[in-house]
Each structure stands twice: as structure tokens, then as C-alpha cells.
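Please read these notes with the model open beside you. They cover the pockets, then the ring contacts.

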Amino acid sequence: KNIRILTIDIETRPMLVYSWGLWNQNHCIDHIADHGGLLCFAAKWVGEKDVLFFSEWEDGRDRMVQAAHDLLSEADVVISYNGDRFDVKKLNNEFLLSGMAPPRPFKSIDLMKSNKARFDLPSRKLDYLVQRTGVGRKTKHTGFHLWLDCMAREPKALALMRRYNEQDVRITEKAYLR
């Protein structure tokens, strides 16, 4: 009854690297022009209505990273989709680079892992899972151009990214409850 369960999803900026080719390339750290990082995240307490959203463009990096740290520290359980391999590690990168201690320990439930262990669906994608089980669908977007347009601070792209990120949290919660 008193357990706080948080659903979370992050979106990141891609790394920008100088390269002389497209195929079979290895890049040294001197070729990194931009290390990428957290672009935005959405979170929702299971059973509550509101979706929380923080972004570089609305909140600034420091406030966004602090909000993620605070939410994870408050959670007893964190629900994600591929979060153990991606979201949680990327957030930990941000905490490390901000000089923050790790968040308070929490139990992680990564739905990609649990679905892989229990089921043999033809696709491991979140969109496939939620459509197939009838709990929703991901927000359609413009692909990689959405991330490029967000980095260029295009207002329509920023609004679409927010809808996309918030919807991922809603359907992840629904998949968890299903």
C-alpha cells in the first residue's frame, strides 16, 4: 500500500562524432564533437493521473537531472521498457557528470526483460506489445528528424517530443498493469 512505483522513460540527444566513413569505423574520443546526453524524460506514479515531464528546453539541464534524481530516490520500484540496459544507465551517467551521488536504491522492473523471459512474441518492441495486448500504441513521429528538430529547438518538434515521451510512460504503465 505504501510502495511508490514510478514509471519512467527518457529521450536522449545523439552523440556527434567526426568520421571519415560510414562503414566499419572506429572513433577515438578526440573525434567526439558532442557527447549527447539527456534531452528529456517523462515519469508517472503508477495509479496517479498526472504525467511529469522535464526537458532541457523547458527546465534546463541541471533542474531536469535533479528532478530525475529526486524521483528515482523517492521510488521503491521503477518500471521501464529496456530501462536496465538504457534509461537507468543513461540517467546514472547524468548523475555522475553532475557530481551527484547515486539515487536511493530501488527495485527495477524492466518490462522488456520480463516479457522476453515469459513470452515469445514475434517482436520485442514496446509498440508491438501494447498494440497486441490492446492497451494502446506509441505516438507516431518523424523518426530521427524529430531528434534533430528538437536539438534545433523547433517548437512543433518540441511539442511532439513531449507527447511522444509522455505517451511512452502511459503505455508502459498500462503494459505493466496488464
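1. The second largest pocket is lined by I109, L111, S114, N115, R118, F119, L121, L129, T133, A175 and R178. A pocket here is an open set of points on a 1 Å grid over the protein atoms alone, where a 1.4 Å probe fits, with protein on both sides within 12 Å along at least five of seven lines; lining residues have an atom within 4 Å of a point.

2. This is a predicted model, in which local features need pLDDT of at least 70 and side-chain atom pairs count only at pLDDT 80 or more, while totals for chains, interfaces and linings use all residues. Residues are numbered from 1 along each chain as its sequence is written, and side-chain values use heavy atoms, with hydrogens and water left out.

3. The second largest pocket holds about 250 Å³ of space, a volume being the space filled by probe spheres set on the grid points, which are joined across faces, edges and corners. Helix 4 (residues 111-118) gives the most to its lining, 4 residues; helices (H or I, at least four residues) and strands (E, at least two) are DSSP runs numbered from the N terminus. By class, the lining has 6 nonpolar, 3 polar and 2 charged residues. Ala, Val, Leu, Ile, Met, Phe, Trp, Tyr, Cys and Pro count as nonpolar, Asp, Glu, Lys and Arg as charged, and the others, Gly among them, as polar.

4. The largest pocket has a volume of about 710 Å³. Of its 29 lining residues, I10, E11, T12, F86 and D87 are the closest to its centre. Helix 3 supplies the largest share of the lining, 6 residues. By class, this lining has 10 nonpolar, 6 polar and 13 charged residues.

5. How many aromatic pairs are there? The count is 3, where rings of Phe, Tyr and Trp (its six-membered ring) pair if their centres lie within 6.5 Å, and planes under 30 degrees apart count as stacked, over 60 as edge-to-face and the rest as tilted. One of them, F41 with F54, is stacked, at 5.3 Å centre to centre and 20 degrees between the planes. F41 lies in strand 4 (residues 37-45) and F54 in strand 5 (residues 52-55), 13 residues apart.

6. W147 and Y164 form an edge-to-face pair, 5.9 Å centre to centre with 80 degrees between the planes. This pair links helix 6 (residues 144-151), which holds W147, to helix 7 (residues 155-177), which holds Y164.
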